[in-house]
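Have the viewer open as you read.

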Amino acid sequence: MNRIHNFSAGPGVLPVPVLESTKNVVQEYLGLGMSIMEMSHRSKPIVALFDEVKENVLNLMNLSKDDYSVLFLGGGASMQFAMVALNFVKTTADYVNTGTWASNAIKEAKKVGNVNVAGSSEDKNFNYIPKNLKLSDNADFLHFTSNNTIFGTRFDSLPETNAPLVCDMSSDMFSRELDYSKFSLIYAGAQKNIGPSGATMVVIKNDFLNNANTDLLTMLSYQTHVKAESMFNTPPVFPVYVINETLKWIVADGGLKAIEDRNIYKAGLIYNLIDEMPNYYKGAVTHKEDRSLMNITFNLPSEELEAKFIKEATAKNLDGLKGHRSVGGVRASIYNACPVESCQALADFMKEFYTNNK
Ligand SMILES: *Cc1c(COP(=O)(O)O)cnc(C)c1O
């Protein structure tokens, strides 16, 4: 396999062993004479696959199936902005605004009911994580985005609130150890850190689910999907297979702690350079503790140099480094499956580029 260094923000890089096993099941699944893509979602092997992936998800998060349910839905994380609001906004919901995706979630919730923006970093183009939240009394829930894919910030620790915690974890799902029992609902579009596009994972606390609004359109109600064990309609079977392979890869790799340690090391290779030459590689995030381990954002002294940097990097097989079209600059997305060698190759390139263009 000819692999380039893939720093794409999403869909993002997948582990090679996952690609290998996926290649096989595209042709034939379990020696059953058909591809996994040709198989009924109600067939025994696919029901068994769903049981297995749900168990793997909960095991990695240290959660029990008595307390939490796992769903795989279509519509991306963007659909969850709407579903969270429809199912759980009753009086007022607290939201933290840390960037584009959080803002989109807030926009949807405002169409449903009262939203209190408990904290925002919009004043500084989202280059930090707001602390000291102004929570409302008895909020329905607090929604936050654990990792901000576009701006390169992340919550180092969880926001403190008595309200149920709801989190968009699309771009750092399974990137670190966390006390997952603190959450009432987590959702993640698969295509950033756990699989291909087409499936969104939702992990929801049963107690929280029991309080969901009723009288919703059938497909927009979490209760519909939990009751039907994620098979109310045809679920994204093939993406779910890939997600399961990714989970098995995480376990074989040593679990979340090992993944987290490697993510810290990988990000360090690049942040160290940013810290060594802060006037050349200008980190976009102002507080070090807010720095994302998944999406590293920085600027060069001029837009011309940024364009040159990205062009020369691409020529050296360092791909996908252009910042999001809304912010510009450089962004290196170094998800779980991004190898240490790719981060090292980028760090080496950054040194060389500085020497040639300072
Ligand atoms: C990419 C992304 C989204 C949007 O995901 P879709 O699956 O395209 O709807 C939402 N939130 C975060 C944090 C993201 O990174």
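## H9 beside H11

In this predicted model, helix H9 packs against helix H11 (residues 340-357) at an angle of about 5°, and their axes are 9 Å apart. That angle makes H9 roughly parallel to H11, because angles under 35 degrees count as roughly parallel.

Which residues of the two helices meet? On the H9 side they are Arg262, Tyr265, Lys266, Leu269, Ile270, Leu273 and Ile274, and on the H11 side Val340, Cys343, Gln344, Leu346, Ala347, Met350 and Lys351. Sorted by class, the residues of the contact of H9 with H11 are 10 nonpolar, 1 polar and 3 charged.

## H9 against H8

H9 also meets helix H8 (residues 237-252): the axes of the two come within 7 Å and cross at roughly 80°. H8 and H9 are therefore roughly perpendicular to each other.

From H8, the residues Trp249, Ile250 and Val251 touch Gly255, Leu256, Ile259 and Arg262 in H9. By class, that contact has 5 nonpolar, 1 polar and 1 charged residues.

Strand E12 (residues 295-299) runs antiparallel to E11, and 2 bridges join them. In this pairing, Lys282 stands opposite Asn299 in E12.

## The seven-stranded sheet

A second open sheet to look at has 7 strands in the order E2-E10-E9-E8-E5-E3-E4, and its pairing is mixed. Which strands stand at the edges? They are E2 (68-73) and E4 (114-120); each has a single partner strand, so one side of each is left without a neighbour in the sheet. From one strand to the next, the twist averages 20°.

E2 and strand E10 (residues 200-205) run antiparallel and are joined by 6 bridges. Val70 stands opposite Val203 in E10. Helix H2 (residues 44-61) packs on the sheet and touches E2, strand E9 (183-189) and E10, with a direction that makes about 125° with that of E2.

## Around the ligand

There are 13 residues around the ligand, and those that come nearest are Ser78, Thr149, Asp168, Gln191 and Lys192. For Ser78, a polar side-chain atom lies 2.6 Å from an oxygen atom of the ligand. For Thr149, an N or O atom in the side chain is 2.4 Å from an oxygen atom of the ligand. For Asp168, the ligand atom is a nitrogen, 2.6 Å from an N or O atom in the side chain.

## Two backbone details

Most residues other than glycine have a negative phi, and most peptide bonds are trans.

The peptide bond from Gly10 to Pro11 is cis, with omega near -10°. Pro11 sits in the loop between strand E1 (5-6) and helix H1 (16-27). Asn132 has a positive phi, near 45°, and is found in the loop between E4 and strand E5 (142-145).

Note on methods: Residues are numbered from 1 along each chain as its sequence is written. This is a predicted model: local features need pLDDT of at least 70, side-chain atom pairs count only at pLDDT 80 or more; totals for chains, interfaces and linings use all residues. Side-chain values use heavy atoms; hydrogens and water are left out. Two strands pair if DSSP finds at least two bridges between them. Helices (H or I, at least four residues) and strands (E, at least two) are DSSP runs, numbered from the N terminus. Axes are lines fitted to C-alpha atoms, for helices over the stretch in contact, and angles run from 0 to 180 degrees between N-to-C directions. Angles under 35 degrees count as roughly parallel, over 145 as roughly antiparallel, 65 to 115 as roughly perpendicular and the rest as oblique. Contact means heavy atoms within 4.5 Å. Ala, Val, Leu, Ile, Met, Phe, Trp, Tyr, Cys and Pro count as nonpolar, Asp, Glu, Lys and Arg as charged, and the others, Gly among them, as polar. A residue is near a molecule or strand if one of its heavy atoms lies within 4 Å of it. A polar contact is a pair of N or O atoms within 3.5 Å; within protein, one must be able to donate a hydrogen and the other to accept it, and residues adjacent in sequence count only if both atoms are side-chain atoms.
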